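Dear colleague,

Here is the structure I said I would pass on. My notes on it follow below.

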Amino acid sequence: MPRRISLILVLPLLLAACSRSPVSGGYRIYVTNERSGDLSIIDAATYQVVATVPLGKRPRGIHASPDRQTIYVALSGSPFAPPGVDESKLPPPDKTADAIGVFDVRENKIVRLITAGSDPEEFDLSKDGTLLYCSNEDVGLTSIVDVATGKVVASIPVGPEPEGVTVSPDGKLVFVTSEEGGTIAIIDTDARKAIKTLPVGNRPRHVAFFPDGSKAYVTRENDGVISLIDTVRHQPIQTIELGPAGEIKPMKVILSPDATKAYVSGGRGKRVFVIDTSNNEVTGSFEVGERPWGLALSPDGKTLYTANGPSNDVSVVDLKSQTVIKKIKVGNSPWGVLTLTP
């Protein structure tokens, strides 16, 4: 009889412990919503939004710390300014809102704001996670920020309208795209200065390095192409056509976990393109939704997530069949996507 009683008492405790175990499916999907100023958190097993967390004004770029316990988000008080807008008619920027938000994964909230220069849009982290490299869109600079002190330790001119920021695999270089200048500024992380400005084409957006650091892809939004860059000699070596300029607007490029494939979001072209990295040929494309921008892969590389700004949703793509298996409603104007194991 005592044994039966003990089992009855222990069983609820075991069930409660199971309910507190990591999210089934092993990871969550974090989405920055630019217009609603919040973060949608999605359970990857159920594809349900399990939390919506306020962040601040215009959250866009999103990246995790090396230990995966912290998420950093770029926040900006600058008004929305789509290409071609008359900026003289825009309201003044709220510079007090410019920051990098520090989101604690366990506490599920913003715990700190870090000064990161004017109008931060995108950024990347040093390999040890102690520094942030942030593009300051409205002033043509990249700020280097000490995470511990929250102070800007250097500001480097990189060309007008900087956006994409990517640290090389060895941590020695940072590539920063200049949308208006059509260039990539190459920053030496030791010297903390730009050592070269590389012309690449119209409105470069994002850079993705190959794992060995010898090459990188860069998206060129207004040319409908991506460029392959020799990152040792610092020069373009190939142009990969995706579609008609103006119809296909490449935004972000990411590599599969084994680096055999690259995936490129097509912006207003509504599609994602697949590239064989062994020969740099486009092997296919598939429609995912309205203006896909941010991209992220599941940890096993079998599922792709796209942030579709105008329709306020995230597409879930089964990469084996290259089909959208679900669309998840999130906040207003989703921009960036990150997958993370709790």
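This is a predicted model: local features need pLDDT of at least 70, side-chain atom pairs count only at pLDDT 80 or more; totals for chains, interfaces and linings use all residues.

Glu 34 is buried, with a relative accessibility of 8%. Its charged partner is Arg 58: the two form a salt bridge in which the closest N and O atoms are 2.6 Å apart.

The mean pLDDT of the protein is 92, and 92% of its residues reach 70 or more. Over residues 1-24, however, the pLDDT is below 50, and this stretch has five contacts in the model beyond near neighbours in sequence.

Other salt bridges

The count of salt bridges comes to 18. Another one of them joins Arg 203 and Glu 161, with the closest N and O atoms 3.7 Å apart. Arg 203 belongs to the loop between strand 15 (193-199) and strand 16 (204-209), while Glu 161 belongs to the loop between strand 11 (151-157) and strand 12 (162-167), so this pair connects parts that are 42 residues apart in sequence. Arg 203 is buried, with a relative accessible area of 15%, whereas Glu 161 is partly exposed at 23% relative accessibility. The two residues also belong to a network: salt bridges that share partners join Glu 161, Glu 163, Glu 179, Arg 203, Arg 205 and Glu 221.

Glu 107 and Lys 109 form a salt bridge through their side chains, at 3.8 Å from N to O. Here Glu 107 is partly exposed, with 47% relative accessibility, and Lys 109 is partly exposed too, with 42%.

Thr 166

Thr 166 is part of strand 12 and is buried, at 10% relative accessibility. A polar atom of the Thr 166 side chain lies 2.7 Å from the backbone oxygen of Val 207. Leaving aside neighbours within four places in sequence, the residues in contact with Thr 166 are Asp 124, Leu 173, Val 174, Phe 175, His 206, Val 207 and Phe 209.

Strands of a sheet pair through backbone hydrogen bonds, either parallel or antiparallel. In this case four strands form an open sheet in the order 20-21-22-23, and the pairing is antiparallel. Strand 20 (253-255) and strand 23 (281-287) are at the edges; each has a single partner strand, so one side of each lacks a neighbour in the sheet. From one strand to the next the twist averages 20 degrees. Strand 22 (residues 271-276) is joined to strand 23 by six bridges, and Val 274 stands opposite Gly 284 in strand 23.

Strand 25 and its two partners

Which residues of strand 25 point one way, and which the other? Thr 303, Tyr 305 and Ala 307 point one way, Leu 304, Thr 306 and Asn 308 point the other way, and all are buried. With six of its six residues (303-308) buried, strand 25 is therefore largely enclosed by the rest of the structure.

Strand 24 (residues 292-297) runs antiparallel to strand 25, and four bridges join them. Within this pairing, Pro 292 has Asn 308 of strand 25 as its bridge partner. The hairpin of strand 24 and strand 25 has five residues between the strands, and Gly 301 in it takes a positive phi near 75 degrees.

Strand 26 (residues 313-318) also runs antiparallel to strand 25, with six bridges between them. Leu 304 is paired there with Val 317, its bridge partner in strand 26. The hairpin of strand 25 and strand 26 has four residues between the strands, and Asn 312 takes a positive phi near 55 degrees in it.

Regards

Conventions. Residues are numbered from 1 along each chain as its sequence is written. Side-chain values use heavy atoms; hydrogens and water are left out. pLDDT is the predictor's confidence in each residue, from 0 to 100. Contact means heavy atoms within 4.5 Å. Buried means under 20% relative accessible area, exposed over 50%, partly exposed in between (1.4 Å probe, protein chains only). Helices (H or I, at least four residues) and strands (E, at least two) are DSSP runs, numbered from the N terminus. Two strands pair if DSSP finds at least two bridges between them. Axes are lines fitted to C-alpha atoms, for helices over the stretch in contact, and angles run from 0 to 180 degrees between N-to-C directions. A salt bridge is a side-chain nitrogen of Lys or Arg within 4 Å of a carboxyl oxygen of Asp or Glu. A polar contact is a pair of N or O atoms within 3.5 Å; within protein, one must be able to donate a hydrogen and the other to accept it, and residues adjacent in sequence count only if both atoms are side-chain atoms.
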